[in-house]
Structures are given as C-alpha cells and as structure tokens.
Amino acid sequence: MNSSAALEGGAGDFKSRKTGLMIFGVMPILLGGMCALFVPLMLRGQTLAEQAGSSQNTQTILPSILVYAILAIALVGRGVGSIMVRRWARTLLLIFSCLWLITGAITVIVTAFLMAQFMAGTASPTDDEELPSWAGSLMVALPLIFLGVIYVIMPLG
C-alpha cells in the first residue's frame, strides 16, 4: 500500500473542529475582556474611596490589578490562539480550565463550609424577629449556585 492511498483513506475520517474552536475561542476573549475592565474599575474605585476620605493606599490594590491584567492577557491570547486554530491553544485552554476547575471546586467547598458556620453563629437582631428558614437557606444557596456556575460549570464546558 503506497502512502497516497493511506492518506486518502484517512481523509474521510477527519472531523473538522473549527466551529468548536471558534466558539470556545470567543468565550476566553469575553472573559479576558471582563478581567481587563476590572483594572480601570478598581483604579476608579480607589480614587473615589480616597475622595471620600478612606485611608487605604493604592498599594493595597496593586496585586489585584496585576492579577486581573495578567488574566486578561492570558485569556485573550488563548482565545485568539483557539480562533486561529493553533495547536498550542487547545492544550493551554485545557490546562487553564483544569486549574480553574480545581481552584473553583475548593472555593465552593470552603465557601459552603464557611457559610454554614456563619449561618449557625448568626443571631437575630432581636429576639422577637427571626428569619424564616427559607431565607437562611436562600442566603446560603444563591452564592453557592453562583460560585458553582462560575467556578465549576464554566471550566467543565
């Protein structure tokens, strides 16, 4: 069997993944854009806090600004690489998603534990007023659902 026959036989088995790569390339670009928007938002918040008389200095938010800037660059770069169908893009997106998933799962578990501890130790403002049981459950469930979607469902996608 010659090499041209082997190539022709394998060509029918090829499945184009370009549409999926484009879709999953747009998502990191959007997330990177959101991270990039947090940088000026944090700076504006800091200037407003200083005008209001807060004693915080700018150095306290610099690590957060740096993290958001690095995330924005990394996410946009990976998204563009995925849209351009680069070999490295899929691997880096999988690595990034796995780290995101592991960190997110730990965050959701720790948050659930802390929320349960907080709700157990919370006393009502007065003895006459007590929160309904559904309100306490809602106060725990909504943040956990939000964190679950952001930190677990999205990286699984």
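Colleague: What span should the 22 residues of α3 have, and how far apart are its end C-alpha atoms?

Modeller: At 1.5 Å a residue, α3 should span 32 Å, and because its end C-alpha atoms are 32 Å apart, the value agrees with the expectation. The expected span is 1.5 Å times one less than the number of residues in the helix. Bear in mind that this is a predicted model, in which local features need pLDDT of at least 70 and side-chain atom pairs count only at pLDDT 80 or more, while totals for chains, interfaces and linings use all residues. Residues are numbered from 1 along each chain as its sequence is written, and side-chain values use heavy atoms, with hydrogens and water left out.

Colleague: What reach does α2 have from its first C-alpha to its last?

Modeller: The 34 residues of α2 reach 50 Å, which is close to the 50 Å expected at 1.5 Å a residue.

Colleague: How many helices and how many strands does the protein chain have?

Modeller: There are five helices and zero strands, in the order α-α-α-α-α from the N terminus on. Both kinds of element are DSSP runs numbered from the N terminus, a helix being H or I over at least four residues and a strand being E over at least two.

Colleague: Why is A72 called buried?

Modeller: A72, which is found in helix α3, has 8% relative accessibility, so A72 counts as buried; the cut-offs are under 20% relative accessible area for buried, over 50% for exposed and partly exposed in between, with a 1.4 Å probe and protein chains only. The buried residues of α3 are I65, A72, L75, R78, G79, G81 and S82, and what covers them includes α2 and α4 (87–121). Across the protein chain, buried residues make up 18% of the 157 residues.

Colleague: What does A72 touch, leaving out residues up to four places away in sequence?

Modeller: A72 touches G32, C35 and A36, where contact means heavy atoms within 4.5 Å. The C-alpha atoms of A72 and L37, which are 35 residues apart along the chain, are separated by 8.8 Å.

Colleague: Which residues make up the largest nonpolar core?

Modeller: That core has five residues, L31, C35, A72, L75 and F96. α2 (18–51) and α3 (62–83) each supply at least two of the core residues. With residues up to four places away in sequence not counted, L75 touches P28, I29, L31, G32, C35 and F96.

Colleague: Which residues of α2 are buried?

Modeller: They are G25, P28, L31, G32, C35, V39 and Q46, and the buried residues of α2 pack against α3, α4 and α5 (133–156).

Colleague: What makes the phi of V85 worth a remark?

Modeller: The phi of V85 is near 55 degrees, a positive value in a residue other than glycine. Most residues other than glycine have a negative phi. V85 is placed in the loop between α3 and α4, and since its relative accessibility is 40%, V85 counts as partly exposed. G53, which follows α2, also has a positive phi, near 95 degrees.

Colleague: Why is M84 called partly exposed?

Modeller: M84, in the loop between α3 and α4, has a relative accessible area of 45%, so M84 falls in the partly exposed class. M84 and G25 are 59 residues apart in sequence and 8.7 Å apart in space, C-alpha to C-alpha.

Colleague: How do you know whether P155 is buried or exposed?

Modeller: P155, placed in helix α5, has 8% relative accessibility and therefore counts as buried. Leaving aside neighbours within four places in sequence, P155 is in contact with S97, W100, L101 and I150. P155 and W100 are 55 residues apart in sequence and 6.4 Å apart in space, C-alpha to C-alpha.

Colleague: Which residues form the nonpolar patch on the surface?

Modeller: W134, L138, L142, I145, V149, I153 and L156 form this patch, with about 740 Å² of accessible area together; L142 is found in helix α5. Patch residues have over 30% relative accessible area and no salt bridge, with nonpolar side chains (Val, Leu, Ile, Met, Phe, Trp, Tyr) joined within 5 Å and like charges within 9 Å. A salt bridge is a side-chain nitrogen of Lys or Arg within 4 Å of a carboxyl oxygen of Asp or Glu, and accessible areas come from the Shrake-Rupley method with a 1.4 Å probe, only the protein chains shown counting as cover for residues.

Methods: A nonpolar core is a set of buried Ala, Val, Leu, Ile, Met, Phe, Trp, Tyr and Cys residues joined through side-chain atoms within 4.5 Å.
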